[in-house]
Amino acid sequence: MFSETDPIKYFTFSMIISILGIRGILLNRRNILIMSMPIESMLLAVNLNFLVFSVSLDDMMGQSFASLVPTVAAAESAIGLAIFVITFRVRGTIAVESINCIQG
Amino acid sequence: MRLLAPAFKFHFKGGRRTMILSVLSSPALVSGLMVVRAKNPVHSVLFPILVFCDTSGLLILLGLDFSAMISPVVHIGAIAVSFLFVVMMFNIQIAEIHEEVLRYLPVSGIIGLIFWWEMFFILDNETIPLLPTHRNTTSLRYTVYAGKVRSWTNLETLGNLLYTYYSVWFLVSSLILLVAMIGAIVLTMHRTTKVKRQDVFRRNALDSRRTIISRRGMTIPKKRYFSSAAGGSSDNYKEIFKKYLLESEYRDFPGLRDHIDKLLAFLEPREILYMVRTFPRDFSMLGILSPQDIRAIIIAHSRKQWKPPKKGND
């Protein structure tokens, strides 16, 4: 499987996607919907990481766990979007600057 | 030129797989950059879809066919579609690049640099192909002997573990999805959405004799009252009607038993029935009102002219 490409290339790819996701969260202040999409990208990068090392180390634990990570990703994105929807319904805007007004 | 010479020494070694890997991963890296910088919010949902597709291709390249097919179903079909729904539902304006993005650049730049620095702890410098310090080392080779004996599909290997030894994980993940579903519904359920609910107290105040069913015989006893075989004639019509009322479904009306003689004295039976059906709670008023008032109320109400008395009159 790894006769031609080595897992380091996959691993760098996954790591760069993960770092770009962190960058997307940090550098984006437009609205909270755009801020939650790099989170999904990060979860995908971590999933790919699990799978790459599972193939590379010939261990099935990585794949067993990597079939549960998308479950958590989907559940978390569903609830996050629901919270986003009611926030938008209550406040009428999705700007992130005053998001601490919903505390309490 | 001499500084750039090591970069030009990079030659493409390693055949088709590396080429496919590069071809697949480059749009994914660019899309990861463009997610944040897209002006149109729909574009910034479409770029992660590109990342998901490329990851699926990479998984095929790894030989994990099941994960490569499941990953687009979950990531694109569920997550990205949900994002698109929300983007379409709320009229998110096409936003300009925020001018204040440089305000966060110091802190986020420091965090980014820390991550970048940590990356070099993990990665071996010599195996990153594009850096000028790249030397001719062999890549990691790993011979999978298990594949030469009997080869299982990816689905078989996953199922061998996930349904037997780690079945608890499987069930817990289904519980996670159930919680997510219930949470999403509960969070966004609005009172004005079309959920037909019944306010029990309001219903009871309006029409209590249909809301509260007494356990003691819900139906009118099936007896013939008015036929000539039961002894009825036009003379004793009122007595028979009184007997009927006292045994009918209206027998428990508050005040009916007390005032029924008085009612029968000046009201016709059909007027009594009309009053029972329209004013079920007002029999206690019979001790106060005079007969002419009661008759006037019935006539006016039956002609839809009745107005409730103003407060302060009694």
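I checked residues 33-53 of chain A in this predicted model: their end C-alpha atoms lie 32 Å apart. That span is 95% helix and 0% strand, where helices (H or I, at least four residues) and strands (E, at least two) are DSSP runs numbered from the N terminus. For residues 65-88 of chain A I noted 34 Å between the end C-alpha atoms, with 92% helix and 0% strand.

I looked up the record. The unreviewed UniProt entry lists residues 7-26, 33-53 and 65-88 of chain A as "transmembrane region"; such annotations may be inferred rather than shown by experiment.

Next, a helix pair. The axes of α1 (residues 7-27) and α3 (residues 37-56) of chain A come within 8 Å and cross at roughly 165°. Axes are lines fitted to C-alpha atoms over the stretch in contact, with angles from 0 to 180 degrees between N-to-C directions. α1(A) and α3(A) are therefore roughly antiparallel (over 145 degrees).

I then read the contact (heavy atoms within 4.5 Å). α1(A) contributes residues including Tyr10(A), Phe13(A) and Ile17(A), and α3(A) residues including Met42(A), Leu48(A) and Phe53(A). I recorded 14 nonpolar, seven polar and no charged residues. Ala, Val, Leu, Ile, Met, Phe, Trp, Tyr, Cys and Pro count as nonpolar, Asp, Glu, Lys and Arg as charged, the others as polar.

Last, chain B. I found 14 helices and zero strands. Of its 314 residues, 27% count as buried (under 20% relative accessible area, 1.4 Å probe, protein chains only).

Residues are numbered from 1 along each chain, and chains are lettered from A in the order written. Local features need pLDDT of at least 70, while totals for chains use all residues.

Terms used. Predicted model: local features only at pLDDT ≥ 70, side-chain atom pairs only at ≥ 80, totals over all residues. Heavy atoms only, no water. Parallel < 35°, antiparallel > 145°, perpendicular 65-115°, else oblique. Buried < 20%, exposed > 50% of the residue type's maximum accessible area, 1.4 Å probe, protein only.
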